[in-house]
Amino acid sequence: MVKDRMVELLQEHFELNLYEARAYVALVGFGVLTPAELASVSEVPAPRTYDVLRSLEKKGFAISQPGKVNKYRPVHPENILEKFIEEWQERVKEELEAKKKAKEELLELMSPLIETEIPKYGVERVWVVRGIRNATLKTKEMFEGVKDQILLADDGYIAINLENDLIKAIDNGAKAKIIVTENVYHRLSSSKILDYYKQGKLELRIIDKLELPMLICDDEVFFALEDMAARYFNYETQIWIKDFRVKALFEGKFNEYWEKAKKA
């Protein structure tokens, strides 16, 4: 119903709770209502109407007319909704600035703790990374740290979603060889990756199927364990390894794919 949709939008985007949204829609529809009248024409329970109307007034959605029985009328939707958006934009801007300042302060405070040349956590060279968010952060970290070579065999995530990070690594001097499946290649039709390939800034080939998608950045290797259920729920397990011997094994597999693949 239209009324339910209006209530839903007010809740989702304008910070009104269910009863406040129902009350505001009723006020817009009837113009002026007392608390008792609101209870009779809306789904706001009678014991809650006074509190709900006072809350709407406090939030700027209603105006009261004092008297023996208070009456309430709505502030015009165009006015209050626009005002809400303006105030929200200012609030978001302030929160963003606060977060940026907090980030800078944290980086300054943590600078003595950040790993330098000596790894503080031992000499571990194998890590398990679970979930799409953590995998994305780890991939970004690899692109930021790569110096010489990127080898990417991709069947659907990195080239599309981390294009800017990949391009930045290439701009910083890394050489890149990329293998993608057909479906990924079609989705790259308007990408910088394809532009860079046409300009000779990276090498690109297409393959029918990848049994082992992988990312190699210098001596670091990143790949996912095969688990379709985990992939469906964006929680697949990825393995990060930094070891020149493992890198050599994966590079050998990458070269097999490269020979089988066709030029873009």
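Two strands count as paired if DSSP finds at least two bridges between them. Helices (H or I, at least four residues) and strands (E, at least two) are DSSP runs, numbered from the N terminus. By these rules, strand E8 (residues 220-224) pairs with strand E9 (residues 237-242) in the antiparallel sense over five bridges. Within this pair, Val221 stands opposite Ile241 in E9.

The model is predicted: local features need pLDDT of at least 70, side-chain atom pairs count only at pLDDT 80 or more, and totals for chains, interfaces and linings use all residues. Residues are numbered from 1 along each chain as its sequence is written, and side-chain values use heavy atoms, with hydrogens and water left out.

**Domains**

The domain assignment, which is automatic or taken from a database, gives domain 1 (1-75) and domain 2 (126-263). Their C-alpha centres lie 54 Å apart. An unreviewed UniProt entry carries the annotation "domain: Transcription regulator TrmB N-terminal" for residues 10-78; such annotations may be inferred rather than shown by experiment. Over residues 10-78 the chain is 54% helix and 12% strand, and the end C-alpha atoms are 13 Å apart.

Asp51 is in helix H4 (residues 49-58). With a relative accessible area of 43%, Asp51 is partly exposed; buried means under 20%, exposed over 50% and partly exposed in between (1.4 Å probe, protein chains only). Glu20 is 31 residues from Asp51 in sequence and 9.4 Å from Asp51 in space, C-alpha to C-alpha.

**The sheet**

Eight strands form an open sheet in the order E3-E9-E8-E7-E4-E5-E6-E10, with mixed pairing. Strand E3 (126-130) and strand E10 (262-263) stand at the edges with a single partner strand each, so one side of each has no neighbour in the sheet.

| Strand pair | Sense | Bridges | Facing residues |
|---|---|---|---|
| E8 and E9 | antiparallel | five | Val221 and Ile241 |
| E5 and E6 | parallel | five | Lys177 and Glu203 |
| E6 and E10 | antiparallel | two | Ile206 and Lys262 |

Four of the five residues of E6 are buried, so E6 is largely enclosed by the rest of the structure. Helix H12 (residues 244-260) lies across strand E4 (149-154), strand E5 (175-181), strand E6 (203-207), strand E7 (214-217), E8, E9 and E10. H12 runs at about 120° to E7, where axes are lines fitted to C-alpha atoms (for helices over the stretch in contact) and angles run from 0 to 180 degrees between N-to-C directions.

**The cores**

A nonpolar core is a set of buried Ala, Val, Leu, Ile, Met, Phe, Trp, Tyr and Cys residues joined through side-chain atoms within 4.5 Å. The largest one has 29 residues, and those with the most contacts inside it are Phe143, Ile150, Leu166, Ile178, Ile193, Leu202 and Leu215. At least two residues of this core come from each of helix H6 (132-145), E4, helix H7 (158-161), helix H8 (163-171), E5, helix H10 (192-198) and E7. H8 gives the largest share, four residues.

The buried residues of H8 are Glu163, Asp165, Leu166, Ile167, Ala169 and Ile170. They pack against H6, E4, H7, E5 and H10. Leaving aside neighbours within four places in sequence, Leu166 is in contact (heavy atoms within 4.5 Å) with Phe143, Ile150, Leu152, Ile178 and Ile193. Just after H8, Gly173 takes a positive phi of about 115°.

A second, separate core has 22 residues, among them Leu10, Leu16, Leu38 and Phe84.
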